[in-house]
Amino acid sequence: MKRKAMNILVTGANGFVGKNLVVELKNQGYENIMIFDIDTDKSLLDEYARKADFVFHLAGVNRPNNKEEFMTGNFVFTSELLSLLKKYQSKAPIMLASSTQAKFNNPYGKSKSAGEKLLRKYSQKMEIPIYIYRFPNLYGKWSKPNYNSVVATFCYKIVRDEEVVIHDPNSVINLTYIDDVLKELLSLLEAKGTNQGNFYEVPKVAKTTVGEIFQLLTKFKNSRKTLEIPKLDNQFEKNLYSTYLSFLPKDHFRYDLKMNEDTRGSFSEFIRTPERGQVSINISKPGIVRGNHWHHTKNEKFLVVSGTGVIRVRQVNDENKSVIEYYISGEKLEVVDIPVGYIHSIENLGDTDMVTVMWVNEVFDPNSMDTYFVEV
């Protein structure tokens, strides 16, 4: 079956997973997506059941007004869906979004477990493949605070300076990122899901604590002042930061940098990280020379993005004091490496401000500057 010709039914399409799944299906070239949610005309479900080649059954209830709604949303609707599929003798495979709570004896868990059992009976009778996922806590963009997971609630509150109440910071929590969920679900369309016996699962799960989540999110909030970015080699921290940013209010995307200004121009730190050094923006007025120093261990990269100038370097122990000159311009982006042991300076030769992006391999420490002033 051609990818674009496959009719895919997604229930719960306006929920957290549903929204993400629908847009990713479109990204991957699936055009015939039948979207069904609580506000959809119920009569459409009959038509969708008749056409469906695959069903992502994501619809469910986990925060109802009364406990009776658990069974209605998680079992009764599943029964109605299966009845319509049976009516048309559909052979469409079905993916069911269940929960780890299905193994517990609470109203939500019971309703999820009942839906699982119903689907298994249907599968045996109709001889169709099914994929039941007992999802742990999920996090990512478009999740809802006070509904999907503690991550969504914390992100929403922290970014808005609202109080966060934590009863047990050491409470362990298993989290799965939405992008990993999508990758797994899309693999089902090619019958390549991750089978773990009676259930399917998303292979990537991060084990953390409520306290650690709070600390990281607080760190992200403060990063506009500290200029620190998350550890990108830590996948959980990287994913959590992306999730945090998705909760920024629409009028809160931008923030100011501190511009250290004088008659020469300005110098502003942009990003800093203990693992990957520091990035700064240097603006030099016409005729201004900056630098005239060298380092033992610090090494830098200079990139002029606007204006024209010259970078001069010479080896600190060169008895002949031979100077190497690199003429740079924003019209041709070139990076100049500044090795250790080389005195260096940068001069604005133009009539306008020269803007230079500067990277250094370590964050500035006033107690250990490793900077020695000598003219080139």
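The model is predicted, so local features need pLDDT of at least 70 and side-chain atom pairs count only at pLDDT 80 or more, while totals for chains, interfaces and linings use all residues. Residues are numbered from 1 along each chain as its sequence is written, and side-chain values use heavy atoms, with hydrogens and water left out.

**Exercise 1. The nonpolar cores**

Find which residues touch the most other members of the largest nonpolar core.

Step 1: Recall the term: a nonpolar core is a set of buried Ala, Val, Leu, Ile, Met, Phe, Trp, Tyr and Cys residues joined through side-chain atoms within 4.5 Å. Buried means under 20% relative accessible area, exposed over 50%, and partly exposed in between (1.4 Å probe, protein chains only).

Step 2: Among the 51 residues of this core, the answer is Val10, Phe56, Met95 and Leu185.

Step 3: Follow Leu185: leaving aside residues up to four places away in sequence, Leu185 touches Val17, Leu21, Phe56, Met95, Tyr133 and Phe135. Contact here means heavy atoms within 4.5 Å.

**Exercise 2. A glycine in a helix**

Decide whether Gly18 is buried or exposed, and list what it touches.

Step 1: Locate Gly18 in helix H1, residues 16–27. Helices (H or I, at least four residues) and strands (E, at least two) are DSSP runs, numbered from the N terminus.

Step 2: Gly18 is buried, because its relative accessible area is 1%.

Step 3: Beyond residues up to four places away in sequence, Gly18 touches Gly12, Ala13 and Leu58.

**Exercise 3. An enclosed helix**

Explain why helix H5 (residues 150–159) is described as largely enclosed.

Step 1: Seven of the ten residues of H5 are buried, so the rest of the structure largely encloses this helix.

Step 2: Name the buried residues: Val151, Ala152, Thr153, Phe154, Cys155, Ile158 and Val159.

Step 3: Look at the cover, which includes strand S6 (137–139), strand S7 (172–177), helix H7 (210–226) and helix H8 (235–245).

**Exercise 4. Classes of residue**

Sort the residues that line the largest cavity by class.

Step 1: Start with His57, Ala59, Asn74, Thr78, Leu96, Ala97, Lys112, Gly115 and Glu116. A cavity is a set of points on a 1 Å grid over the protein atoms alone where a 1.4 Å probe fits but cannot get out, and lining residues have an atom within 4 Å of a point.

Step 2: The lining has three nonpolar, four polar and two charged residues.

Definitions and conventions: 1 Å grid on protein atoms, 1.4 Å probe; cavity = no way out; pocket = protein on both sides within 12 Å on 5 of 7 lines; lining within 4 Å. Nonpolar A, V, L, I, M, F, W, Y, C, P; charged D, E, K, R; others polar.
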